[in-house]
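Here is a short briefing on a two-chain model. Keep the structure open beside it as you read.

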Amino acid sequence: MTNFKPISSTKKKNKAVVTAIILLVLLIIIFLLSLNTGLIKIDPLTVINTFLGNGSEQDELLLLEFRLPRIVIAVLIGMGLAVSGTVLQGVVKNPLADPGIIGINAGAGLAVMIFVIYFSTELGNSVFIMPIVAFIGAGLTAVVIYVFSYKKDEGVSPIRLILVGVAVAAGISALMIVLTLRIDPESYSFVATWLAGSIWGTSWNFVLALLPWLVILIPFVYFKSRVLDVMNLGDATAVSLGMNLERERRWLLAAAVALAAASVSVSGAIGFVGLIAPHMTRRLVGETHKYVIPIAALIGAVLVLTADTLGRLILQPAEIPTGVVVAIIGAPYFLYLLAKLND
Amino acid sequence: MTKTNTVVESKKQVKAVKKTAKPLRATAIIILGIIFLCCSFVASISLGAADINFDTIWDAFFNFDETVTQHQIIWELRFPRIIGAAIVGAAFSVAGALMQGMTRNPLADSGLLGLNAGAVMMLAISFSFLPGLPFVYTVLLSFFGAALGATIVYGIGSMSKNGLTPIRLVLAGAAVTALLTALSEGIALYFDVGQDMAFWYAGGVSSTRWEHLIVITPIVIIMILIAMRLAGSITILSLGEEVAVSLGERTNRTKLISAIVVVILAGLAVSVVGAVSFVGLIVPHLTRKIVGYDYRFIIPVSAVIGAMLVVVADLLARTLNAPFEIPIGALISLIGVPFFLYLARKGGQEL
C-alpha cells in the first residue's frame, strides 16, 4: 500500500478524537441551523421553547413532526451510506467501490420507476410506499449480484463481485433508459427527482424503519474493524494470520449492502456520499478502521444534513434534490483534499 | 535489492506479460472481424424500415443513380450511419483499453475522465438555454464539454506534489463526474429537459451524416494509430509505475499522451451517440480474455470488436421493433451485460 510512516498510535488517536469532536460540533451547529431553516422561519429561542414543551401548536407540529424527523433521517442516511462505502472499499480493495457503482441505487431506482409507471396513478399516495418499493428493488439487486458472483468452490471474490455489480448496474440503467422513453413527462419528472436523491420519508415512521438497521449494522462493522485492517494487508497475509477470509467477506459485504439498501430506500439515489466519505476520512485520519468507520459516519451525516438543509434553502419554495447538493458541495471539497494532501 | 536486480525483475515481468500474448489469435480476430464487419455492413444496409435487396446495394455503389430513392437511402442514411457506428465503437473501445491500462483499474473507462459527464452537462445547458440548436453545434458543444471535464480531472489530478498517480486520476475523475452529473441533473430538473435529453441520446448514430464523418473518421483513425504506437509503453505501465520507471520509461509523457488520445476518441464518440460508456468497459475485458495482456494486440483487437459490437447493436436497434428504434445505449448494455456477467464469473483476478 502506501509507504509506511510509523506514527505513534497515541498521536493517531488524538488526531482521530480531535477530528471527531470538530465534526460533532459541526453536526450540532448544522442541526440547529437546519431546524430554523425552511419556508417558515423559526428563531432559535422558539425552537428551544418548543422542545421544552412551551411552543405554539403550529411550531410544535412543524418542528417535531416535519423538520426533526427529516433531520434525523438525513443524519442516519449519511451515516449508513458512508459506512457502507467504507466497508465496500475495504473489502473489495477498490477505491471506486460504493453502493452506487455496484448497482444498489440503480436497482432501487428501477423499482421506483416501474412502480410509478404501472401502479401509481396518484403520486401523492405513493410517498409512503416508495421507500418500501425502493428497498425491495435494492434488496433484489443485491441478491442478484450475490448469486452471480458466487462460485461453488471459491465463494465470492471481491473483484468478481464488483464486476458483476457494474454489469448489473449497466443492465438496470439500460432498462431505465427504455422506460424513460415510454413514460409521461409528469411521472418522468417524479422519477428524475427520486434518482437525483431526495429525502422522502419525513415522518417518525421512517426513522423507526431505518434505525434498527443502523443500530445493529454499524456497531457490527465497527466490531469488525480489525478484520478490515487485516484485509487491507492483502489476501495472503490475512489468510496466514488465520482469518477465514471468505466468511468475513460475506458478512461484511452483506452488512454493507443492507446498510446501503436501507438508506437508499428513504433517500433516493444519493450515491456520492458512500464514495467520498471514506476517502475524506482516510485522508484526515489514516487507514485504521477503528477510527475510519466512526469518522466516516460523522462525515456522511454532516454532508447529507448540510446538503439537505441547503437544498431546502436555496431555491425556496422549490427544493433542490439532496443528492445534487451533496455532489455540488462534496466534490469540490474532496477535490481540494485530493490536490492538497499526499496519498 | 540493488538497482540492477529491480531492472532484471521488471524485465522478467514484461516478458511474462508478452508471453500471455496470442498474436495468431489476434491476427485471426482482426481479419475475421473485418470480414464480419463487411458482411454486417451489407446486412445493415439491406435491412431496415425499407428492405433493399443485394443487387440494388451493388448498383448503389457502382452505378449510383440519383433518381432511385433506394440509392438515396443507402448513400445518405444507412451507409453513413453504419460507418458512424463502427467508428464510435472502435473509438470507445480503444479509449477504454487505454484508460484501463494506464490506471491499472479494471473499472476504469473513458467516463471516468469526466468525459461523459462533461458532455451531458453541455447537452443539458444547450437544451435549456439554446433550444433548437442545429445538430452539428450540439455535437460540437458536447465535445467541448467532454474536453472540459477531462481537463478539470487531469488538472486537479496532477496538482499535487506527487504528480498524477493512477489512484488520484481515478478519484478525481469520480468526483468531477459526480459534480458535473449533479449540475446537469439540477439543470435538467429545473428547466424540465431531462426527457428531451433522453430522446436525443436514444437517437444514437441515426443522425450521422457525411459532413460529420468526414471530420470524425480521419481523427479517430489517427488517434487509434497513435494508441498503437503507445501500446508498448502502456503494457509496461500496466505492470505498475515502479516497473515502468525501472525500465527507463517516461511514464508522465505516456500518461499525458494517452489521456489526450482518450479525450479525443471518447469525446468525439460521446458527442455523436451519447454516454454509451459500457462499450469502453466491456470490450477491453473481452479482448484481454482472448489475446492476453499485451496492449500491442489489445488495442487493435479492441477497435475491431468494439466496431462489431456497435454495428450489430445499431442493426438490432433499428430492426427489432421497426419502425421504432430502441435506444442504442440501452441495447448495447442489454447485449453486453449477460456476456460481461459470464466473463466475470469465468475469470478470476485479472488485468
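Helix 1 of chain A covers residues 9-36. Its 28 residues reach 41 Å from the first C-alpha to the last, close to the 40 Å expected at 1.5 Å a residue. This is a predicted model, and the predictor gives the complex an ipTM of 0.70 and a pTM of 0.75.

- Which residues of helix 1 of chain A are buried? They are A:Ala16, A:Ile30, A:Ser34 and A:Leu35.
- These buried residues pack against helix 2 (44-51), helix 3, helix 12 (272-285) and helix 13 of chain A.
- Helix 13 of chain A runs over residues 289-313. It has 25 residues and reaches 35 Å from its first C-alpha to its last. That is close to the 36 Å expected at 1.5 Å a residue.
- Helix 13 of chain A is largely enclosed by the rest of the structure, because 23 of its 25 residues are buried.

**A buried proline in a loop**

- Where does A:Pro99 lie? A:Pro99 sits in the loop between helix 3 (57-92) and helix 4 (104-118) of chain A.
- Is A:Pro99 buried or exposed? A:Pro99 has 32 C-beta neighbours inside 10 Å, so A:Pro99 counts as buried. The cut-off for a buried residue is 20 or more.
- Leaving out residues up to four places away in sequence, A:Pro99 touches several residues, including A:Leu81, A:Ser84, A:Gly85 and A:Leu88. Also among them are A:Ile104, A:Asn105, A:Ala260, A:Val264, A:Gly271 and A:Gly274.
- A:Asp184 is 85 residues from A:Pro99 along the chain. Their C-alpha atoms are separated by 29 Å.

**Chain A as a whole**

- Chain A has 14 helices and 2 strands.
- A compact globule of 343 residues would have a radius of gyration near 20 Å. Chain A has 20 Å, which agrees.
- Along its principal axes, the C-alpha trace of chain A spans about 65 × 50 × 35 Å.
- Of the 343 residues of chain A, 50% count as buried.
- Take the contacts in chain A between residues at least 6 apart in sequence: 78% of these join residues at least 24 apart.

**Chain B as a whole**

- How many helices and strands does chain B have? There are 14 helices and 0 strands. Read along the sequence, the pattern of chain B is α-α-α-α-α-α-α-α-α-α-α-α-α-α.
- With 351 residues, a compact globule would have a radius of gyration near 20 Å. Chain B has 21 Å, which agrees.
- The C-alpha atoms of chain B fill a box of roughly 75 × 50 × 35 Å along the principal axes.
- Of the 351 residues of chain B, 53% count as buried.
- For contacts in chain B between residues at least 6 apart in sequence, 78% join residues at least 24 apart.

**Where the chains meet**

- B:Ala175 touches A:Ile276, A:Ala331, A:Phe334 and A:Leu335.
- B:Ala175 is also among the residues with the most contacts inside the largest nonpolar core. This core has 230 residues.

**How confident is the predictor?**

- Chain A averages a pLDDT of 80, and 92% of the residues score at least 70.
- Among the elements of chain A, helix 13 has the highest mean pLDDT (91). Strand 2 (residues 155-156) of chain A has the lowest (70).
- Over residues 1-5 of chain A, the pLDDT is below 50. Beyond near neighbours in sequence, this stretch has 2 contacts in the model.
- Chain B averages a pLDDT of 80, and 91% of the residues score at least 70.
- Among the elements of chain B, helix 8 has the lowest mean pLDDT (71). Helix 13 (residues 295-319) of chain B has the highest (89).

Key. Residues are numbered from 1 along each chain as its sequence is written. Chains are lettered from A and ligands numbered from 1 in the order in which they are written. This is a predicted model: local features need pLDDT of at least 70, side-chain atom pairs count only at pLDDT 80 or more; totals for chains, interfaces and linings use all residues. Helices (H or I, at least four residues) and strands (E, at least two) are DSSP runs, numbered from the N terminus. The expected span of a helix is 1.5 Å times one less than its number of residues. A residue is buried if 20 or more other C-beta atoms lie within 10 Å of its own, exposed if 12 or fewer, and partly exposed in between; C-beta atoms are placed from the backbone. pLDDT is the predictor's confidence in each residue, from 0 to 100. The radius of gyration is taken over C-alpha atoms; the globule rule is 2.2 Å times the number of residues to the power 0.38. Two residues are in contact if their C-beta atoms, placed from the backbone, lie within 7 Å. A nonpolar core is a set of buried Ala, Val, Leu, Ile, Met, Phe, Trp, Tyr and Cys residues joined through C-beta atoms within 7 Å.
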